[in-house]
Amino acid sequence: MSGRDLFCQPRRIRRGAVLTLVFASVLVAGAATGSFSEGDRKSPSGAARSAVPAGHHEDVAKAAEQAMADGKSPMEAAERAVSRSGDRWGAVYSEGEYQEFEEALDGQYTGVGLWARRERDGRIEVTKVAVGSPAAAAGIRKGDRLRSIDGQKVDGQPVTEVVSLLRGDATDAAAGTAVRLGLQRGTRAWTETLRRARLSTDSVALRKLADGVTVIRIAAFTKGSGDVVRTAVRQAPAGAGIILDLRGNSGGLVTEAVTTASAFLDGGLVATYDVNGEQQALHADPGGDTTRPLVVLVDGGTMSAAELLTGALQDRGRAVVVGSRTFGKGSVQMPRQLPGGSVAELTVGHYRTPSGRSVDGRGITPDLDVTSPGQAAVERAETVLGGLGDAE
């Protein structure tokens, strides 16, 4: 399991909120955890839960207001109210946490620029260092061992906890705050003090295979990612296929998922959703590439807006979906600011694919079940693309 300090999951929100679908004036995420999705994570069993009544936002707000009047923590009171509601995806965030999520989905985050993973023996190893980041400036390299953060040993800790410490989530640490890292490279052990910085992230990665196939990997739907995909499709070699890799993509901005769909569709329905019983629809823009062979790679970490996109391309007959069953998060959350500045997100509805399929609790079943990890799955997808090309 690996991750980076953009996509941390705040310690208070471990109960399961992940890059939630938020249909509001600004589409923002619940908890950006895409980098930590496990490939073998199973979809929840059972039918989709019904939406929490709209009035429950009022109940949570009243609980926070009463706690504030009593001199108690309004955030803790709101968390208890959400927990009692049975809303599986409901969550309460501090003002600082929610601001961080908005900034992360805007392609910005506060951190030191490290990716990390936990090895089998519990050691935390640096897997990548962002160019131009504080970590890069300090000379930290891929393969270095991260032993401690601000004096706290990290061996054996979940990567999410390690990344939360790097970012300083417990204190809502801002850019410019210091963090002391204990590191080891071979036999050399040393301590490095870094200052967190405002960094940018690229959520879309492109690469070309030897046969001209373009692999577009989307880690999360951050601001501008849809336009990056559309440009990549336009610039791909004529007639060459595309592999859209959504493995481990836990969602993000729904508008960006729809823009991505528009790269491959000539208008038409992408998804329908309900908010407190009122039906709405999302449509692709016209003019997308509808002839180029397309395979979508998914796994158990493909969630939320990534499932919305997958379902649209599958239902519309535009892509062959390869991989394993997706996570199954098809619910809609809406935010509300509470007394004291915290923000509550509660489920208000669910979305469906163009054919009317519900994703929540079920996930998307691939057209071709492939459990191969890493590059092996890409190679299988490439084989499928070759067959699609022949069919053309």
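I began with Trp89 and Phe327 and found both buried (under 20% relative accessible area, with exposed over 50% and partly exposed in between, using a 1.4 Å probe and protein chains only). The model is predicted, so I kept local features to pLDDT of at least 70 and side-chain atom pairs to pLDDT 80 or more, while totals for chains, interfaces and linings use all residues. I number residues from 1 along each chain as its sequence is written, and side-chain values use heavy atoms, without hydrogens and water.

I looked up aromatic pairs next (rings of Phe, Tyr and Trp, the last by its six-membered ring, with centres within 6.5 Å; planes under 30 degrees apart are stacked, over 60 edge-to-face, the rest tilted). The count is two. Trp89 and Phe327 are edge-to-face, because their ring centres are 5.9 Å apart and their planes stand at 65 degrees. Trp89 is in the loop between helix H2 (74-85) and strand S3 (91-93), and Phe327 in the loop between strand S18 (320-323) and strand S19 (331-337), so the pair ties together parts 238 residues apart in sequence. I took helices (H or I, at least four residues) and strands (E, at least two) as DSSP runs numbered from the N terminus.

Tyr93 and Tyr98 make a tilted pair, with 5.9 Å between centres and 40 degrees between planes. Tyr93 is buried at 0% relative accessible area, and Tyr98 is buried at 7%.

I then checked charges over rings (NZ of Lys or CZ of Arg within 6 Å of the ring centre and within 35 degrees of the ring normal). Lys128 has its charged end over the ring of Trp115, 4.8 Å from the centre. Arg188 lies over the face of Trp190, 4.0 Å from the ring centre.
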